[in-house]
Amino acid sequence: MSARWTTAVLDTNVGGGLAVVRSAEGFMVDANGALFPRDWFKRQEPDIRFEHGIGHYDGQPVYLIELHGAQALPGCSWRGLRQFMLEGDADTYTILGYAAQIATWAREHRFCGACGQPMRQVPRERAMHCEPCDLRSYPRISPSMIVLITRGDEILLARSPRFVTGVYSTLAGFAEPGESAEDCLVREVREEVALEVRNIQYVGSQCWPFPHSMMLGFHAEYAGGEIVMQPDEIEDAQWFRVDALPPLPAGRSIARYLIDLYVARYSGLAEPVLPR
Ligand SMILES: NC(=O)c1ccc[n+]([C@@H]2O[C@H](COP(=O)([O-])OP(=O)(O)OC[C@H]3O[C@@H](n4cnc5c(N)ncnc54)[C@H](O)[C@@H]3O)[C@@H](O)[C@H]2O)c1
Ligand SMILES: [Mg+2]
Ligand SMILES: [Zn+2]
């Protein structure tokens with residue numbers, strides 16, 4: 001959230017406002033950015049899959065329009081959410097991150113998981129509804145733990161084969177049913193590097209819309225063990241001194257924040273601010 005953006009469930013039968021337009025290729029952009037006058041956009045006869053009213057930006061209603069295909073309009077192109085995370089302004093990334101999660105959920109909950117019948121959008125609520133089952137499906141959020149493990153002037157960083165070449169990051173993993181956040185953290189650290197940790201401290205959280213994680217960030221101290229890397233998940237894991245770090249994750253990630261925060265505190269520098 002920002003001072004300029006608030007989420008809301010808006011009636012799509014009312015005209016006007018702004019639209020963010022999504023397809024499998026990402027979000028539509030032109031020279032003015034990713035927010036389009038909605039009535040103008042609809043006059044271009046787009047092939048709309050669904051539409052949701054998602055909030056207000058500077059008091060203006062904002063709608064998400066999902067297209068069947070990546071139709072090209074003159075002067076417009078498509079850009080992935082990750083690019084907005086890396087390069088876009090914070091407000092645009094927040095709006096599109098939210099829109100992307102609503103789009104993922106709407107696309108994946110068109111049919112009832114219990115009976116297979118089509119579901120309908122519930123007016124004034126962010127939910128899809130199956131009438132025969134009286135079942136509601138809400139946007140999915142997946143809690144994930146992320147932890148920086150430290151040992152004095154050293155921090156533990158690891159590489160997944162999915163990362164950009166050369167980049168090392170903190171350990172992370174999805175919560176399983178039946179776990180507390182701390183249980184999950186201890187299990188993930190054991191699974192990924194076979195280490196034990198102590199003094200687990202909650203630091204802060206971040207929405208991570210790739211595709212629907214809620215990152216819960218922690219700091220923990222090394223308590224024992226030798227690194228044993230989990231096959232397939234962890235390509236490399238090492239202790240790095242705070243003054244000799246490898247390439248790190250993008251500035252907007254909580255992973256980067258956890259690292260920067262520890263380095264700042266350890267070195268007596270100004271502390272960074274957690275990006276939302
Ligand atoms: N914002 C950040 O700084 C940051 C940094 C690192 C990771 N992350 C995110 O944290 C999340 C978890 O990290 P990870 O990929 O190491 O997870 P992980 O260690 O749990 O391993 C991923 C595996 O978990 C399973 N999985 C996928 N989706 C799941 C879900 N919703 N619930 C339970 N299990 C699921 C799959 O088998 C997948 O291969 C990912 O979404 C990742 O993008 C964010
Ligand atoms: Mg992991
Ligand atoms: Zn049903």
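Which strand gives the largest share of the lining of the largest pocket? Strand 13 does, with 4 residues. The tour gets there after a look at the whole chain.

**Before you start**

This is a predicted model: local features need pLDDT of at least 70, side-chain atom pairs count only at pLDDT 80 or more, and totals for chains, interfaces and linings use all residues. Residues are numbered from 1 along each chain as its sequence is written, chains are lettered from A and ligands numbered from 1 in the order in which they are written, and side-chain values use heavy atoms, with hydrogens and water left out.

**Stop 1: the whole chain**

Show the protein chain as a cartoon. Its secondary structure comes to 5 helices and 16 strands. Helices (H or I, at least four residues) and strands (E, at least two) are DSSP runs, numbered from the N terminus. The C-alpha trace spans about 60 × 45 × 30 Å along its principal axes. Of the 276 residues, 45% are buried. Buried means under 20% relative accessible area, exposed over 50%, and partly exposed in between, with a 1.4 Å probe and protein chains only.

Now select Gly225. Gly225 sits in the loop between strand 15 and strand 16 (236-241). At 39% relative accessible area, Gly225 is partly exposed.

**Stop 2: the largest pocket**

Select Arg82, Arg162, Phe163, Ser169 and Trp208. Of the 36 residues that line the largest pocket, these lie nearest its centre. A pocket is an open set of points on a 1 Å grid over the protein atoms alone, with protein on both sides within 12 Å along at least five of seven lines; a cavity is a set where a 1.4 Å probe fits but cannot get out; lining residues have an atom within 4 Å of a point. The volume of the largest pocket is about 1,000 Å³. Grid points are joined across faces, edges and corners, and a volume is the space filled by probe spheres set on the points.

Colour the contributing elements next. Those supplying at least two lining residues each include helix 2 (81-87), strand 11 (142-151), strand 13 (171-174) and helix 4 (181-193). Domain 1 (5-109) and domain 3 (142-267) each give at least three residues to this lining. These bounds come from an automatic or database domain assignment. By class, the lining has 20 nonpolar, 9 polar and 7 charged residues. Ala, Val, Leu, Ile, Met, Phe, Trp, Tyr, Cys and Pro count as nonpolar, Asp, Glu, Lys and Arg as charged, and the others, Gly among them, as polar.

**Stop 3: the second largest pocket**

The second largest pocket has a volume of about 550 Å³. Select Thr94, Gly97, Tyr98, Gln101 and Cys207, the closest to its centre of the 24 lining residues. Then colour helix 3 (90-108), which gives the most to this lining, 9 residues. The classes here are 11 nonpolar, 10 polar and 3 charged. Domain 1 and domain 3 both give residues to the lining, so this pocket lies between them.

**Stop 4: the magnesium ion**

Select ligand 2. Ala172 (O) and Glu192 (OE) coordinate the magnesium ion at 2.2 Å. This pair links distant parts of the chain: Ala172 in strand 13 and Glu192 in helix 4 are 20 residues apart. Donors are N, O and S atoms within 2.8 Å of the metal (3.2 Å for Na, K and Ca); water is not among the atoms, so sites may look incomplete. Ala172 is partly exposed at 32% relative accessibility, whereas Glu192 is buried at 6%.

**Stop 5: the zinc ion**

Move to ligand 3. The zinc ion is coordinated by Cys112 (SG), Cys115 (SG), Cys130 (SG) and Cys133 (SG), at 2.2 to 2.4 Å. Along the chain the donors follow the spacing C-x2-C-x14-C-x2-C. Cys115, in the loop between helix 3 and strand 8 (120-121), and Cys130, in strand 9 (residues 128-130), are 15 residues apart. Cys115 is partly exposed at 35%, whereas Cys130 is buried at 0%.

**Stop 6: the cavity**

Finish with Met28, Phe41, Gln44, Pro46, Leu67, Gln71 and Leu73, which line the largest cavity. The whole structure holds 1 cavity of 30 Å³ or more. Its volume is about 30 Å³. The lining has 5 nonpolar, 2 polar and no charged residues.
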